[in-house]
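I opened my notebook on this one to see how the chain is put together. Here is the model I was looking at.

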Amino acid sequence: MILDTENTVLLTVECQEGVVGEDAALPQLAAEARKSGALDNVARLVAAAHGAGVQVVHAVAERRADGKGASRNARLFRAAERLPVQQLAGSRAVRVAAPIEVDGRDIVVRRLHGLSPLHGTEVDALLRNLGCRTLIVVGVSANVAIPNSVFDAVNLGYTVVVASDAVAGVPSEYTPAMVRHTLGLVATVATTDEVVAGLNSRATPG
């Protein structure tokens, strides 16, 4: 795999303390993200992107304390309102989780509604302004936000790469099946090692 570093962006999806951290709202998902190595692989990919000069965008889901603007038209949203850990704006829960390193070149985009970091947010406009043609998608969850991100990106005209071992969902056996039988139909599926090699395969022209 060869990736044009000038036209590639790495998108991390909901890799935040309140989702994949030690005190997450969904402990089973957080445990799977860590046990599977997905979170460590996201950190590896972010580090590789930084080293290759590839733009990193972190998509974070959050809500206001008063709930204004939040979606309530699905069971998932209503259940989230009752969780003991809330993804409140400005709180520790919405910080990008360790061991992922965020540096000053990264862009953090926060959304208050919906299931996808692309639909109804500024992400698409940012990607176009960055000259993005290839979007690498990693993070959580394989159940909801990752497939939403991939389908939205494909529908918007981006070529999508999914790092299969940098994605997590529950139960653990669901993720590889979903990646193979669903995302594999619309995106290039590769391992973290293959994506890192692709990022390092050509230097950004000076």
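My entries go from the whole chain to one strand, and then to a few charged pairs.

**Entry 1, overall.** I noted at the outset that this is a predicted model. I counted secondary structure and got eight helices and six strands. Reading along the sequence, I wrote down the pattern β-α-α-α-β-α-β-α-β-α-β-α-β-α. I then looked up the C-alpha trace, which spans about 50 × 35 × 30 Å along its principal axes. Buried residues come to 49% of the 206 in the chain.

**Entry 2, strand S4.** Is S4, residues 134-140, buried or exposed? I found seven of its seven residues buried, so the strand is largely enclosed by the rest of the structure. In a regular strand, side chains alternate between the two faces of the sheet. Here I see Thr134, Ile136, Val138 and Val140 pointing one way, with Leu135, Val137 and Gly139 pointing the other.

Next I checked the neighbours. S1 (residues 8-13) pairs with S4 in the parallel sense over six bridges, and Val9 stands opposite Leu135. S5 (residues 159-168) also runs parallel to S4, joined by six bridges, and there Thr159 is the bridge partner of Thr134. I followed the chain from S4 through helix H6 (residues 145-155) to S5 and logged a right-handed β-α-β unit.

How many salt bridges are in the whole structure? My search gave nine, and I looked at some of them.

- Glu17 pairs with Arg92, with the closest N and O atoms 3.7 Å apart. Glu17 is in helix H1 and Arg92 in the loop between H4 and S3, so the pair ties together parts 75 residues apart in sequence. Glu17 is buried at 11% relative accessible area, while Arg92 is partly exposed at 46%.
- Arg110 pairs with Glu62 at 3.5 Å between the closest N and O atoms. Arg110 sits in S3 and Glu62 in the loop between S2 and H4, so parts 48 residues apart in sequence are tied together. Arg110 is partly exposed at 42%, and Glu62 is buried at 14%.
- Arg72 and Glu81 have their closest N and O atoms 2.8 Å apart. Arg72, at 43%, is partly exposed, and Glu81 is partly exposed too, at 31%.

Note on methods:
Residues numbered from 1 in each chain as written. Predicted model: local features only at pLDDT ≥ 70, side-chain atom pairs only at ≥ 80, totals over all residues. Heavy atoms only, no water. Buried < 20%, exposed > 50% of the residue type's maximum accessible area, 1.4 Å probe, protein only. Helix = DSSP H or I, 4+ residues; strand = E, 2+ residues; numbered from the N terminus. Pairing = 2+ DSSP bridges. Right-handed = clockwise from strand over helix to strand, strands pointing away. Salt bridge = Lys/Arg side-chain N within 4 Å of Asp/Glu carboxyl O.
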